[in-house]
Amino acid sequence: MKRSRINQIMDEAEGFIRSFGFVLPPFANWSPAEFRGRTDASRIVEARMGWDITDYGQGRFDDLGLFLFTLRNGQLADLQRGGGMCYAEKLLISRRDQLSPMHTHVIKAEDIINRGGATLVVELFGSDDAGGFADDRGGRVRCDGIARSFGPGEKLRLAPGESVTLMPGDWHAFWGEGGDVLIGEVSTVNDDMTDNIFRDPIGRFSEIEEDEAPWHLLVSDYDRWLK
């Protein structure tokens with residue numbers, strides 16, 4: 001992706017988020033120079049909190065892509081010992097007909113929440129050999145605490161305010177239907193470096209063409225820009 005396109009997406013996304021009364025945390029506004037000059041930002045970097053814009057390395061962001069901002073993220077060590085900061089939270093924007101491709105997680109359980117906008121479509125498969133949901137769940141997923149039966153590949157449509165709980169091993173893809181959608185994600189500790197398993201051989205992060213200076217750093221920029 002071109003850096004100029006990423007900067008444009010950031011600008012559009014912040015306006016969209018604010019239209020729902022949500023304000024990003026102060027570190028969202030740091031310039032690269034401000035970020036490099038901070039002596040107190042190590043936790044943000046280690047947890048990979050911040051801006052995240054991807055076309056999955058395919059160069060077709062409008063068709064295959066996602067905007068994310070990681071607001072907070074715990075530590076895997078806490079999750080492994082069963083205490084401490086074991087949670088994460090993100091904001092996402094799924095544009096109209098923009099696919100976030102089929103994937104699953106080994107560790108992360110998550111609630112996917114339609115925070116506002118159009119309808120969020122989630123295509124679901126379970127983890128058994130036939131794509132069904134595990135027997136101990138009775139072939140069901142929970143939507144806002146209510147167990148609902150789903151067959152492999154069935155499409156769940158979430159209106160604003162509605163959510164679905166996905167467990168590790170649940171395969172899912174999603175997109176906006178009829179317009180753009182602001183999505184909340186509340187989950188166990190998030191690791192985007194190793195805990196995204198895609199059905200098709202694609203990348204999690206984009207290669208960046210530096211055609212202009214970045215407004216803000218992406219989480220995928222940290223290793224290169226902050227060393």
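**Close-up views of a predicted model**

**View 1. N7 in helix α1.** N7 is found in helix α1, which covers residues 3-18. The model shown here and in the other views is predicted. N7 counts as buried, at 0% relative accessibility. Leaving aside neighbours within four places in sequence, N7 is in contact with E212, A213, P214 and W215.

**View 2. L182 in strand β10.** The strand that holds L182 is β10, residues 171-188. L182 has a relative accessible area of 1%, so this leucine is buried.

View 3. R204 sits in the loop between β11 (197-198) and α5 (222-225). Is R204 buried or exposed? With a relative accessible area of 10%, R204 falls under the 20% cut-off, so this arginine is buried. Its side chain makes a polar contact with the side chain of D52, at 2.4 Å. Residues up to four places away in sequence are again left out of the contact list.

View 4. Y56 lies in the loop between β1 and β2 (66-73). Its phi is positive, about 55 degrees, although Y56 is not a glycine. Most residues other than glycine have a negative phi. Y56 is buried, with a relative accessible area of 3%.

**View 5. R48, a partly exposed residue with positive phi.** R48 is found in the loop between α3 (42-46) and β1 (50-54). Phi at R48 is positive, about 50 degrees, and R48 is not a glycine. Which accessibility class does R48 fall into? R48 counts as partly exposed because its relative accessibility is 22%. The cut-off for buried is under 20%.

**View 6. The whole protein, for orientation.** The secondary structure comes to 5 helices and 11 strands. The C-alpha atoms fill a box of roughly 55 × 45 × 35 Å, taken along the principal axes. What radius of gyration does the protein have? The value is 17 Å, which agrees with the figure near 17 Å for a compact globule of 227 residues. Of the 227 residues, 48% count as buried. Contacts between residues at least 6 apart in sequence were examined, and 75% of them join residues at least 24 apart.

**View 7. Surface and charge.** The protein exposes about 10,700 Å². Carbon and sulfur atoms supply 49% of that area. How many positive and negative side chains does the protein have? There are 26 positive and 38 negative side chains. The centres of the two sets lie 2 Å apart.

How values were computed: Residues are numbered from 1 along each chain as its sequence is written. This is a predicted model: local features need pLDDT of at least 70, side-chain atom pairs count only at pLDDT 80 or more; totals for chains, interfaces and linings use all residues. Side-chain values use heavy atoms; hydrogens and water are left out. Helices (H or I, at least four residues) and strands (E, at least two) are DSSP runs, numbered from the N terminus. The radius of gyration is taken over C-alpha atoms; the globule rule is 2.2 Å times the number of residues to the power 0.38. Buried means under 20% relative accessible area, exposed over 50%, partly exposed in between (1.4 Å probe, protein chains only). Contact means heavy atoms within 4.5 Å. Accessible areas come from the Shrake-Rupley method with a 1.4 Å probe; for residues, only the protein chains shown count as cover. Lys and Arg count as positive and Asp and Glu as negative; His and the chain ends are not counted. The place of a charge is taken as NZ of Lys, CZ of Arg, CG of Asp or CD of Glu. A polar contact is a pair of N or O atoms within 3.5 Å; within protein, one must be able to donate a hydrogen and the other to accept it, and residues adjacent in sequence count only if both atoms are side-chain atoms.
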